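Thanks for coming. I have one structure to go through today, so please have a look at it first.

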Amino acid sequence: MVANINWDKNIVGTPVLDSAGDTVTYSFSIENEGPDSIFDLQLTDTILDGVVSLDLLDAVTAGTVVLAGDDGDNILEVGETWTFTEAAGSDIFTYTLTQADLDSNGTAEPNPIGGPDLPGQIDNEAVIIARNEAGNIIAGATEGAAAAIDYNPDIAIDKEFVNVTGGDGDALA
């Protein structure tokens, strides 16, 4: 590999993850620190459906992803930083919390590549592969992000005395 990239996976906003169906959305930033230009970026994410060898520029063209930071030539040149976010109406970078996530306190999703699946959070890692103009891999990196689960299982039971009928048929109140 020849190029040096600075790669970040970020959580968008401050999601509250305390119920099945809650969501966490990610964005991705890549800075080309040189020495070669990057012509293709492939993203694979461990828990996002449909993000396996996703060509990020194709996703921009398809309208599911928005690219910021490009000077208009679709080449990640040395010194440029690109940020990829979901397009309006797209959920390509969104994970939906499941009841299994809550029941396991965040250990039901796939284990991160770099280590154990820690409880109390949704651990998520992504891999980026960068290619030069000839299509050769020139850089690759793994980056993770963890979103805290608000894990406070509880149950409340109210018992209220309504009526008791005694053996002689008289109601007790």
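I will go through the sheet, then the core and its rings, then some backbone details.

A word of caution before that: this is a predicted model.

Let me start with the sheet. Four strands make it up, in the order S4-S3-S8-S9, and the sheet is open with antiparallel pairing. Which strands stand at the edges? They are S4 and S9, the latter covering 137-148. Each has a single partner strand, so one side of each has no neighbour in the sheet.

If you want a place to look, find leucine 41, which stands opposite alanine 130 in S8. Leucine 41 also touches residues well beyond its sequence neighbours. Leaving aside those within four places in sequence, its contacts include Ile30, Leu56, Trp82, Phe84 and Ile128. Asp55 is also among them.

In soluble globular proteins, nonpolar side chains tend to be buried together. Here the largest nonpolar core has 37 residues. Leucine 41 is one of those with the most contacts inside this core, and the others listed are Tyr26, Ile30, Leu43, Leu56, Phe84 and Phe93. Which elements give two or more residues to the core? They are strand S1 (5-11), S2, S3, helix H1 (56-62), strand S5 (65-68), S6, S8 and S9.

Now the rings. The count of aromatic pairs comes to 3. Phenylalanine 28 and phenylalanine 93 form an edge-to-face pair, with 4.8 Å centre to centre and 75° between the planes. This pair links distant parts of the chain, because the two residues are 65 residues apart: phenylalanine 28 is in strand S2, and phenylalanine 93 is in the loop between strand S6 (81-86) and strand S7 (94-96). Buried or exposed? Phenylalanine 28 is buried, with a relative accessible area of 0%, and phenylalanine 93 is also buried, at 0%.

Tryptophan 82 and phenylalanine 84 have ring centres 6.1 Å apart and planes at 75°, so this pair too is edge-to-face. Tryptophan 82 and phenylalanine 84 are both buried. Going back to phenylalanine 28 and phenylalanine 93, they belong to one aromatic cluster with Trp7.

One more ring deserves a mention. The charged end of lysine 9 sits over the ring of tyrosine 26, at 4.4 Å from the ring centre. Tyrosine 26 is the Tyr26 I listed for the core.

Last, the backbone. Most residues other than glycine have a negative phi, and most peptide bonds are trans. Where does this model depart from that? The peptide bond from glycine 34 to proline 35 is cis, with omega near 5°. Proline 35 is in the loop between strand S2 (23-32) and strand S3 (40-45).

Serine 53 has a positive phi of about 50° and is not a glycine. Serine 53 lies in the loop between S3 and strand S4 (54-55) and is partly exposed, with a relative accessible area of 46%.

Asparagine 105 likewise has a positive phi, near 55°. Asparagine 105 is in the loop between helix H2 (99-103) and strand S8 (121-131). With a relative accessible area of 19%, asparagine 105 counts as buried, because the cut-off is under 20%.

That is what I have. Thank you.

How values were computed:
Residues are numbered from 1 along each chain as its sequence is written. This is a predicted model: local features need pLDDT of at least 70, side-chain atom pairs count only at pLDDT 80 or more; totals for chains, interfaces and linings use all residues. Side-chain values use heavy atoms; hydrogens and water are left out. Buried means under 20% relative accessible area, exposed over 50%, partly exposed in between (1.4 Å probe, protein chains only). Two strands pair if DSSP finds at least two bridges between them. Rings of Phe, Tyr and Trp (its six-membered ring) pair if their centres lie within 6.5 Å; planes under 30 degrees apart count as stacked, over 60 as edge-to-face and the rest as tilted. A charge sits over a ring if NZ of Lys or CZ of Arg is within 6 Å of the ring centre and within 35 degrees of the ring normal. A nonpolar core is a set of buried Ala, Val, Leu, Ile, Met, Phe, Trp, Tyr and Cys residues joined through side-chain atoms within 4.5 Å. Contact means heavy atoms within 4.5 Å.
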